[in-house]
Amino acid sequence: MEFSTPTSLPNYQVKATYNDKILLLGSCFVENIGKKLDESKFQVCVNPFGTLYNPCSVASSIQTLLDRKIYKPSDLFKHGGCFHSFDHHSRFSSVDEEDCLRLINRQMSFASDYITNAKFLFVTFGSAYIYRLKENNRIVANCHKLPDRQFIRELLTVEGITELWSELIQKLRMINPDLRILFTVSPIRHLKDGAHDNQISKATLILAVQQLMERHPESADYFPAYEIMLDELRDYRFYAEDMVHPSNQAIQYIWNRFVSCFMTSDTKEIMHQWEEIQKAMNHKPFQPESEAYQKFILQTMLKIEQITKKIPSFDTQNELKALKSKLK
């Protein structure tokens, strides 16, 4: 008996290894996947602008990285006692102007270098609705709780998203010919738009991504996170308390599905080894000073050193430091 509708997964021509750099941009679903990749010791750069929801803001952030823009005081505005950027999430905001610019430009420098060397660009669209600042018609990535009357809300069209991103993909391929773009549509519902408008928004995004894949089959792929959440996990027990965001269990499920089709078999084996090491590190002994536990620590340290030799990009300094502190 089947109690869900299984979603068929893509058979990607190019799969990820630990040698590949991965840049992730988009909605908070990107944060979930990016965190999992980081915990598994992949080389990742996650949302250097903070959370972005609409395709225009994600595209603008990529163009900003390609231009290697350096943000100046004129790029900020002050509201509620803090300095903000319309291009960035509020986690970059600060009561101090210099501190805000330092946070922003440090990420810009790192991500600008990253995008030219990345093997994969993971993009998650959350909403097809945009907000324009009335005073200059500028599309903002974040309204920073400014009054609604200062913005115009619009629904993007499939054609508009397709044309914008098609041009951007061509630019990216000129700079980084081997870059693969993996699109997803966030399963997180934007109920503040209304249930019906949210469905229109998601449909617009899905249709635009489909057109981009048809235009650029050599560069663009799709991972069905949205479909997995709605079809395979069609139950409110897989949602967080707000009944909007996926629960930790749902995120883990989608992550497992993602790994099954996106990683090479050798990579999945290394991931399994690292997972076993993490379990060993989280083990809480009854007698931490016993000879058996001290030997267990040394064995775990040896496993870390062995896996680091296999994958030089592994940064295990913190793990080794934590284990050494337990040695007597």
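## Tyr 239 and the aromatic pairs

Tyr 239 counts as buried because its relative accessibility is 13%, where buried means under 20% relative accessible area, exposed over 50% and partly exposed in between, with a 1.4 Å probe and protein chains only. This is a predicted model, in which local features need pLDDT of at least 70 and side-chain atom pairs count only at pLDDT 80 or more, while totals for chains, interfaces and linings use all residues. Residues are numbered from 1 along each chain as its sequence is written, and side-chain values use heavy atoms, with hydrogens and water left out.

The whole structure contains 16 aromatic pairs; rings of Phe, Tyr and Trp (its six-membered ring) pair if their centres lie within 6.5 Å, and planes under 30 degrees apart count as stacked, over 60 as edge-to-face and the rest as tilted. Phe 223 and Phe 258 form an edge-to-face pair, because their ring planes meet at 75° with the centres 5.2 Å apart. Phe 223 is buried at a relative accessible area of 0%, and Phe 258 is buried at 1%. The pair of Tyr 236 and Tyr 239 is tilted, because the planes are at 50°, with ring centres 5.6 Å apart.

One aromatic cluster consists of Tyr 12, Phe 120, Phe 122, Phe 223, Trp 255, Phe 258 and Phe 262.

## Charges over rings

A charge sits over a ring if NZ of Lys or CZ of Arg is within 6 Å of the ring centre and within 35 degrees of the ring normal. Lys 21 lies over the face of Tyr 114, at 5.3 Å from the ring centre. Arg 153 takes such a position over Tyr 129, at 3.9 Å from the ring centre.

In strand E9 (residues 180-185), six of six residues are buried. Arg 180, Leu 182 and Thr 184 point one way, and Ile 181, Phe 183 and Val 185 the other.

Strands pair if DSSP finds at least two bridges between them. E9 pairs in the parallel sense with strand E5 (residues 120-125) over six bridges, and Phe 120 stands opposite Arg 180. Three bridges join E9 to strand E10 (residues 220-222), again in parallel, with Asp 221 of E10 as the bridge partner of Leu 182. From E9 the chain passes through helix H5 (residues 195-215) to E10 in a right-handed β-α-β crossover; with the strands pointing away from the viewer, the path from the first strand over the helix to the second runs clockwise.

## Nonpolar cores

A nonpolar core is a set of buried Ala, Val, Leu, Ile, Met, Phe, Trp, Tyr and Cys residues joined through side-chain atoms within 4.5 Å. The largest has 46 residues, and Ile 62, Leu 121, Trp 165 and Phe 183 touch the most other members. Elements that each supply at least two of its residues include E5, E9, H5 and E10. Helix H3 (97-117) gives the largest share, seven residues. Another core, apart from this one, has 43 residues, among them Phe 120, Phe 122, Phe 258 and Met 281.

Leaving out residues up to four places away in sequence, Trp 165 touches Pro 55, Val 58, Ala 59, Ile 62, Val 123, Phe 125, Phe 183 and Leu 212, contact being heavy atoms within 4.5 Å.

Definitions and conventions: Helix = DSSP H or I, 4+ residues; strand = E, 2+ residues; numbered from the N terminus.
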